[in-house]
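Here's a quick tour for anyone meeting this structure for the first time. Have a look at the sequence and the fold, then read on.

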Amino acid sequence: MSTAPIDLVREFCAAFGDGEPDLDRIVGFFADDAVYHNMPVDPVVGPDAIRSTLASFTTGLESIEFRIAAIAADGGTVLTERVDIFRYPGKEVSLPVMGTFEVVDGKIAAWRDYFDMNQFMSQLS
C-alpha cells in the first residue's frame, strides 16, 4: 500500500521536528534523481547532494521544526505554507516558507522552497 503524496510530505516535514535532524532518514524520502532547490541558491540533484546541502545549514543546530500552516495537494504535487524554526544554542530563527513538492512513486522527486534569504540572515546577526 502506497502513501498518498500529501501524507508523505507531512511525514517528511515532521521528520525535521525530531530533535537534531537525522539526515539519513530525511534523505531516504528522496528519489535517486531528486532535485532540491532553495530558490535563493542553485539547485542540487540526487540524495548525496541533497544530504550535503542539508548538512551545510543544519550544522550547529539543536533542532529544526517545520510548522505547516497550510497544505494542499493536486495529484503528486503538494504545496506547503510553513514557518521553519531553526534552533541554535541561545537563538531561534523563524522563517516563513512556501514549499512545492513533487512526489512520484512514493518518493520526493522535486522540492522547491521559496523564502526571503535576507529575512533569515538578519535573524542570525
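In what order do the strands of the open sheet come? The order is E2-E1-E6-E5-E4-E3, six strands in an open sheet with mixed pairing. E2 and E3 stand at the edges with a single partner strand each, so one side of each has no neighbour in the sheet. Keep in mind that this is a predicted model.

**How the strands pair up**

- E1 (residues 30–38) runs parallel to E6, and five bridges hold the pairing.
- Within that pairing, Val35 has Ala110 of E6 as its bridge partner, while His37 stands opposite Arg112 in E6.
- E1 also meets E2 (residues 44–45), this time antiparallel, over two bridges.
- Tyr36 finds its bridge partner in E2, namely Val44.
- E1 and E2 make a hairpin, and five residues sit between them.
- At the other end of the sheet order, E3 and E4 pair antiparallel over eleven bridges.
- One of the partners there is Thr80 in E4, which bridges to Ile71.
- E3 and E4 form a hairpin too, with two residues between the strands, and Gly75 in this hairpin takes a positive phi near 65°.

**The nonpolar core**

- As a bit of background, nonpolar side chains tend to be buried together in soluble globular proteins.
- Here the largest nonpolar core has 32 residues, and the ones touching the most other members are Phe12, Phe86, Phe101, Ile108 and Trp111.
- Quite a list of elements gives two or more residues to this core: H1, helix H2 (23–27), E1, helix H3 (47–58), strand E3 (63–74), E4, strand E5 (91–104) and E6.
- H1 is the top contributor to this core, with six residues.

**Aromatic rings**

- How many aromatic pairs are there? The count comes to 13.
- Take Phe12 and Trp111 as one example: their ring centres are 5.0 Å apart with 85° between the planes, an edge-to-face pair.
- Phe12 belongs to helix H1 (residues 5–15) and Trp111 to strand E6 (residues 107–114), so this pair ties together parts 99 residues apart in sequence.
- Phe12 and Trp111 are both buried.
- Another pair is Phe86 with Phe120: the centres lie 5.1 Å apart and the planes are at 75°, so this one is edge-to-face.
- Phe86 sits in strand E4 (residues 77–88) and Phe120 in helix H4 (residues 117–124), so to speak a link between distant parts of the chain, 34 residues apart.
- Both Phe86 and Phe120 are buried.
- Ring pairs also join a cluster made up of Phe12, Phe16, Phe29, Phe30, Tyr36, Phe66, Phe101 and Trp111.
- Phe66, from that cluster, has Arg82 lying over its face, 4.4 Å from the ring centre.

- Is Asn38 buried or exposed? Asn38 is buried, with a relative accessible area of 10%.
- Asn38 lies in strand E1, and its side chain makes a polar contact of 2.8 Å with the side chain of Tyr36.
- Beyond its neighbours within four places in sequence, Asn38 is in contact with Phe57, Asp113 and Phe115.
- That brings us to Asp113, which lies in strand E6 and counts as buried at 3% relative accessibility.
- The side chain of Asp113 makes a polar contact of 3.0 Å with the side chain of Trp111, the residue that pairs with Phe12.
- Leaving aside neighbours within four places in sequence, Asp113 is in contact with His37, Asn38, Met39, Pro40, Arg82, Val97, Met98 and Gly99.

Note on methods: Residues numbered from 1 in each chain as written. Predicted model: local features only at pLDDT ≥ 70, side-chain atom pairs only at ≥ 80, totals over all residues. Heavy atoms only, no water. Phe/Tyr/Trp six-rings, centres within 6.5 Å; stacked < 30°, edge-to-face > 60°. Helix = DSSP H or I, 4+ residues; strand = E, 2+ residues; numbered from the N terminus. Buried < 20%, exposed > 50% of the residue type's maximum accessible area, 1.4 Å probe, protein only. Lys NZ or Arg CZ within 6 Å of the ring centre and 35° of its normal. Polar contact = N/O pair within 3.5 Å; in protein donor to acceptor, adjacent residues only side chain to side chain. Contact = heavy atoms within 4.5 Å. Core = buried A, V, L, I, M, F, W, Y, C linked by side-chain atoms within 4.5 Å. Pairing = 2+ DSSP bridges.
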